[in-house]
Amino acid sequence: MSQTAQTVREDGVIASVSGPVVTARDLDARMNDVVYVGHEGLMGEVIEIEHDITTVQVYEETSGISPGEPVENTGEPLTVDLGPGLLDTIYDGVQRPLDILEDKMGSPYLDRGVDAPGIELDKQWEFEPEVEEGDAVEPGDVVGTVEETITIDHKVMVPPDYEGGEVVDINSGSYTVEETVVELDSGEEIKMRQEWPVREARPTVEKKTPRTPLVSGQRILDGLFPIAKGGTAAIPGPFGSGKTVTQHQLAKYADADIIIYVGCGERGNEMTEVIDDFPELEDPSTGNPLMARTSLIANTSNMPVAARESCVYTGITIAEFYRDMGYDVALMADSTSRWAEAMREISSRLEEMPGEEGYPAYLAARLAQFYERAGYFENINGTEGSVSAIGAVSPPGGDFSEPVTQNTLRIVKTFWALDADLAERRHFPSINWNESYSLYRDQLDPWFQEEVAEDWPEVRQWAIDVLDEETELQEIVQLVGKDALPEDQQLTLEVARYLREAYLQQNAFHPVDTYCPPEKTYLMLTTIKTLNDEAFDALDAGVPIEEIIDIDAAPDINRIGVQDDYETYVEDLKAEITDQLRNLY
C-alpha cells in the first residue's frame, strides 16, 4: 500500500486479537481494503465483513495490541508501487524495501509500523521520450525509456486504467517518479510510477501457447523435462533434497530477461545466501551483475505469517509489470507450502470449515489463481511477453499425496520431483526421472530441432527408454544379482549408469559444469548413445561383455560436463570409443 495515496476514511476500534487475525467494530470498509491497526499503525487487510464486525489479517506481529485501540481504513486495496527502481532491490512481503527500513531504524531488527514507499520517490531518473507531441497513445503504450540498471531499460507506459489520448506535452531529462513526463489532451498525466492492486491480474489481449523453452542450463531439465517461457512448474521434495539450490540455479542461469525471487516462509539463512551470492554473480548472458535483472522478496520463516500470502501476489504483480514491457520474466516462489500453511493458520483462526489436513477448502482455487497469472501473452500495447512461475513445494516427510502437492500437480504442466534417496546418495540435482514429467515437450520440440539438432526428440526418447528399462531390471537385480542377467541386459545397465552419472548428475558448484547449454546437453547424450550402439554391435559380433565394459575410453564420458572446449573433446571421445570397440572384433 502506497503511503502517498493514503486517504484515511473512518476509524473503527479493535474488538478482539487472535494472533495475526484482528476483528474491528464499526469500521466502514470493503473487502481487501488496507487498514492500519492499533496505535502503532500495523498494516493489515480486510478479509471478512459480517454486520458491524470486520476481520483483518495483520502483516506484522500483533503482540501488545489490545481491544479498544483504533483501526484506520485507507479505502484502497493492497497495491504495489511500479516504476524504475524495482530491480536490484530486496523487499519484504508487502513491498517495503528492507535496506531503506534498516536505514530508518539504524538496526537490522525492524520495528513495527514502519513503512516506506516501494520505489524511491525523490531519486532522479533520466527519461528519454519515445513519442512526440500530437501522437495518439492508448493504455499500455510505451511513451519513453529509463535506464533502470546496466542490463535493463525500463519502459514507461500509459497505465492500463487510463483512457489514453493525444500527447500535448512531453518532457525529457532528469525527473523523479512522481513528476509528470507526458501530458495528454484528456487531462491525464503520465508519470514513471504506477500503482496496481496485487490481487488483480494486469490486462492482456490474449494468452498464447508458448513455443520457446526457458533454457536453464540444467541437463535433466532442458534435456528431459523442459519448461516453456510462460510455463508453470513445481519442484516438490522433502527437507534437504535440494529445492532451494535448484531454484537458485534457475534464478542464476535461466534465460529470462527478469528474475523475481520470492522467499516465502523459508529459513533466513537461505535468503541470506541469495542476498550474498547474487550481487557477486555475473549474468552469463550479459556479463553484468546478476542483481541488475533481479528483484528479491524476502518473507522468511520468522516474519509475520500473514505477510506470506501477500508476498506471492506482490511478486507476480511485479512480474506482470515487466511482462507488459515485452520482457520474459521468471518468478521463483520458495515455497508455496509455507504460503499454504499461512492460509491454513488464518483460516483456522477465522474458524472456517477445514478441508483436507486442515487446509482451507479454497486452497486449490488460491493456487490456481496464482499459477494462472503465468503465461505467454500478447500485451495490450502489441508486444509479447511471458511470466514463468516455478514454485517449490515442501511436503511434510516428502509425502507427495498431501494436499498442496496434489493441488499444485493439477495446475502446473511441469513436475520436477525431488527424491530424498537420490540426495542421500549425493546424486544432484536429485530429480527423480521416473516420477517427473513435462507436458511442454511436444510444443517445444520444433525449437530444439531448429536450434540444436534435428534428432533431439529421438535421442531424448532413447535416453528415457534406457532409464525406464534400467528401473525394471533393477528389481530383478535385487533378487538374483547382476551376473544372472543376459549379456544384453547387463550392457543396458552399464549404459544407464553412464546416463545417471555423467548426464543426469550435475555439479552446481563447478565453474564449468554449473551451466550446460542445450548443445552440450545434446552432445553428451549422443556420446552415450554412440557407446550404446557400438557396444551392442560388438556384443552381436560375439565379444564378451567383460571386454566391452572394460574399454579405456568409456570412463571419459564422466568428464564431458567439466570440459570448456566440449565440442572437440566429444568428437575425439566418440572416435576413441568407436575405434576401441571395433578393434575387439
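Predicted model: local features only at pLDDT ≥ 70, side-chain atom pairs only at ≥ 80, totals over all residues.
Okay, so: 10 of the 11 residues in H3 are buried, and the helix is mostly covered. Among the buried ones you'll find Lys243, His248, Leu250, Lys252 and Tyr253.

So what sits over them? The cover of those buried residues includes two helices, H2 (219-224) and H4 (268-280). It also includes strands S19 (232-236), S20 (258-264), S22 (328-334) and S24 (384-393).

S24 pairs with strand S23, residues 375-378, through four bridges, and the two run antiparallel. S23 and S24 make a hairpin, with five residues between them. In that turn, have a look at glycine 382, which has a positive phi of about 90°.

Now look at S23 by itself. In a regular strand, side chains alternate between the two faces of the sheet. Here, Gly375 and Phe377 make up the covered face, while Tyr376 and Glu378 are on the uncovered one. S23 also pairs with strand S18, residues 206-208, antiparallel again, over three bridges. There, lysine 208 stands opposite tyrosine 376.

One is a closed barrel of six strands, and its order is S1-S2-S5-S4-S3-S6, with antiparallel pairing. On average, and ignoring direction, neighbouring strands there are turned by 45° against each other. One of the contacts to find is aspartate 33, with proline 77 as its bridge partner in S6.

The other is an open sheet of four strands, S12-S11-S9-S14, with antiparallel pairing. Which strands stand at the edges? They're S12 (153-157) and S14 (173-175): each has a single partner strand, so one side of each has no neighbour in the sheet. The twist from one strand to the next averages 40°. S11, residues 142-147, is joined to S12 by five bridges, and glycine 144 stands opposite valine 156.

Let's finish with helices packing on helices. We describe two packed helices by the angle between their axes and the distance between the axes.

Take H7 (residues 363-371) and H8 (residues 403-411). They pack at about 45°, with axes 9 Å apart, and are therefore oblique to each other. Their crossing is right-handed. On the H7 side, the contact includes Leu363, Leu367 and Tyr371, and on the H8 side it includes Val404, Asn407 and Ile411. Sort the residues of that contact and you get eight nonpolar, two polar and no charged.

Now the other pair, H13 (residues 518-540) and H15 (residues 566-582). How do their axes cross? At roughly 5°, and they come within 9 Å. Angles under 35 degrees count as roughly parallel, and H13 and H15 are therefore roughly parallel to each other. Residues that meet here include Glu519, Lys520, Leu523 and Leu531 from H13, and Glu567, Val570, Lys574 and Arg582 from H15. This contact divides into nine nonpolar, four polar and six charged residues.

Notes
Residues numbered from 1 in each chain as written. Heavy atoms only, no water. Axes fitted to C-alpha atoms, helices over the stretch in contact; angles between N-to-C directions. Parallel < 35°, antiparallel > 145°, perpendicular 65-115°, else oblique. Left-handed = near helix turned anticlockwise from the far one by under 90°. Contact = heavy atoms within 4.5 Å. Nonpolar A, V, L, I, M, F, W, Y, C, P; charged D, E, K, R; others polar. Buried < 20%, exposed > 50% of the residue type's maximum accessible area, 1.4 Å probe, protein only. Pairing = 2+ DSSP bridges.
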